[in-house]
Amino acid sequence: MPSASYGRARSQQLTLANVSVDQALVWVIVALLLWGLVMVFSASIAMPDNPRFANYAQSHFLTRHLFSLVMGGVAALLVFQVPISVWEKWAPVLFLGALVLLIAVLIPGIGKGVNGARRWISLGVMNFQPSELAKLAVLLYAANYIRRKMEIQERERNMGDMERFFRAVAPMAFAVGVVGVLLLLEPDMGAFLVIAVIAMGILFLGGVNARMFFLIAIILVAVFALMIATSPWRRERVFAYLDPWSMEHALGKGYQLSHALIAIGRGELFGVGLGGSVEKLHWLPEAHTDFLLSVIGEEFGFVGIAVLIVAFFWLTRRIIEIGRQAIALDRTFAGLAAQGVGLWMGFQALINIGVNLGALPTKGLTLPLMSYGGSAILMNLVALAIVLRIDHENRTLMKGGSL
């Protein structure tokens with residue numbers, strides 16, 4: 001008996017030591033993380049010259065970002081050990097937990113306010129942003145919900161579109177709406193936009209017909225347009241985006257965008273070299289977070305931005321392919337979850353890049369895997385660990401194994 005137990009333990013060790021995952025995907029993720037680490041240091045190295053950060057060491061943000069990477073890496077390794085069936089089972093509970101945290105962050109004394117926004121909960125070692133957890137929670141809940149509602153869609157094909165919509169889609173729309181209201185109270189319109197796109201994408205990929213999908217899209221566009229129209233400071237951002245160089249906007253709402261464009265313009269084709277950025281010297285606000293891409297553009301030029309765009313395009317495409325593979329293996333929840341992560345990474349990167357290039361209005365969204373921010377890095381790595389677990393389970397099944 002002891003020898004049999006030892007044999008099973010040895011077999012498990014060998015299995016863990018030879019885990020089968022997409023090596024190219026892992027290396028692209030690592031490359032983006034390391035590039036981001038270097039650029040966060042480059043973009044923040046001069047910040048102690050600002051009286052606001054006079055007590056900070058030059059390596060302050062580098063050290064904290066490195067700590068976030070280590071925490072995220074450990075969390076990712078632990079998450080990778082969890083079977084996807086467990087995530088499917090606990091998805092509703094995780095969603096409820098995210099709602100509780102979104103409510104808690106609005107309570108004075110629990111939530112931490114910065115620049116008029118209350119988005120963080122202090123955990124001592126880091127400030128946690130519940131909206132980042134909400135992205136993953138909504139993603140998993142939507143995948144779980146669609147998998148369960150597919151039976152209703154098959155059973156009720158003879159119903160009218162509107163009746164099927166209210167039976168199968170409206171409850172999910174209500175859940176996303178509740179999350180949206182809580183996020184707008186912070187306020188965090190950027191996170192709400194990402195979550196809405198993730199939920200819509202999963203609904204569409206899960207089989208919602210085109211008419212229903214476009215109906216949802218029209219409603220969402222109308223909601224966001226109404227929010228912008230009724231919010232003076234959001235309207236100012238849109239007008240500043242349309243003409244950031246005017247005297248009215250250059251020193252106001254268009255200040256960040258105008259200096260981001262100056263930084264990218266200075267980079268020209270090959271950039272001014274690593275560490276050579278001028279705009280990071282207290283000209284460009286949030287250079288290490290939302291506008292890290294502008295520093296990359298200044299120091300690495302058009303070539304650097306092009307490489308970054310290709311990397312995120314490949315990353316998104318590969319994650320979507322892993323999701324398709326899972327669906328082909330009749331693993332609907334796993335497939336939709338992976339595709340949801342792909343939508344998350346791709347859409348948020350698209351928004352951040354578009355903002356930095358002046359193609360989209362200024363919005364407070366970080367560049368996934370690269371920008372400074374502990375919560376974002378942590379949840380990005382957890383989400384990608386789930387994708388790698390899905391890929392591992394796909395490969396196990398295709399080799400004739402069992403889960």
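Predicted model: local features only at pLDDT ≥ 70, side-chain atom pairs only at ≥ 80, totals over all residues.
**View 1. Tyr 56 and Phe 61 form a tilted aromatic pair.**
Five aromatic pairs are present in the structure, and this view shows one of them. The ring centres of Tyr 56 and Phe 61 are 5.8 Å apart and the planes meet at 55°, so the pair counts as tilted. Tyr 56 is partly exposed, with a relative accessible area of 35%. Phe 61, in contrast, is buried, with a relative accessible area of 7%. Look for Tyr 372 as well: together with Tyr 56 and Phe 61, this residue makes up one aromatic cluster.

**View 2. Phe 95 and Tyr 141 form a stacked aromatic pair.**
Here the centres of the two rings, Phe 95 and Tyr 141, lie 4.5 Å apart with their planes at 10°; the cut-off for stacking is under 30 degrees, so this pair is stacked. The pair links distant parts of the chain, with Phe 95 in helix H4 (residues 84–104) and Tyr 141 in helix H5 (residues 130–155), 46 residues apart. Both Phe 95 and Tyr 141 are buried.

**View 3. Arg 389 places its charged end over the ring of Phe 80.**
This view pairs a charge with a ring. The charged end of Arg 389 is found 6.0 Å from the centre of the Phe 80 ring.

**View 4. Ile 110 sits in the loop between H4 and strand E1.**
Strand E1 covers 111–114, and Ile 110 belongs to the loop between H4 and this strand. With a relative accessible area of 40%, Ile 110 is partly exposed. Follow the chain to Ile 121, which is 11 residues from Ile 110 in sequence and 6.2 Å from Ile 110 in space, C-alpha to C-alpha. Leaving aside residues up to four places away in sequence, Ile 110 touches Ala 104, Trp 120, Ile 121 and Ser 122.

**View 5. Ser 371 is a buried loop residue.**
The loop that holds Ser 371 runs between helix H14 (332–356) and helix H15 (374–398). Ser 371 has a relative accessible area of 3%; buried means under 20%, so Ser 371 is buried. Its side chain reaches the backbone oxygen of Thr 289 at 2.7 Å. Thr 289 is also among the residues that Ser 371 touches, not counting residues up to four places away in sequence; the others are Val 40, His 65, His 288, Leu 292, Thr 366 and Ile 377.

How values were computed:
Residues numbered from 1 in each chain as written. Heavy atoms only, no water. Phe/Tyr/Trp six-rings, centres within 6.5 Å; stacked < 30°, edge-to-face > 60°. Buried < 20%, exposed > 50% of the residue type's maximum accessible area, 1.4 Å probe, protein only. Helix = DSSP H or I, 4+ residues; strand = E, 2+ residues; numbered from the N terminus. Lys NZ or Arg CZ within 6 Å of the ring centre and 35° of its normal. Contact = heavy atoms within 4.5 Å. Polar contact = N/O pair within 3.5 Å; in protein donor to acceptor, adjacent residues only side chain to side chain.
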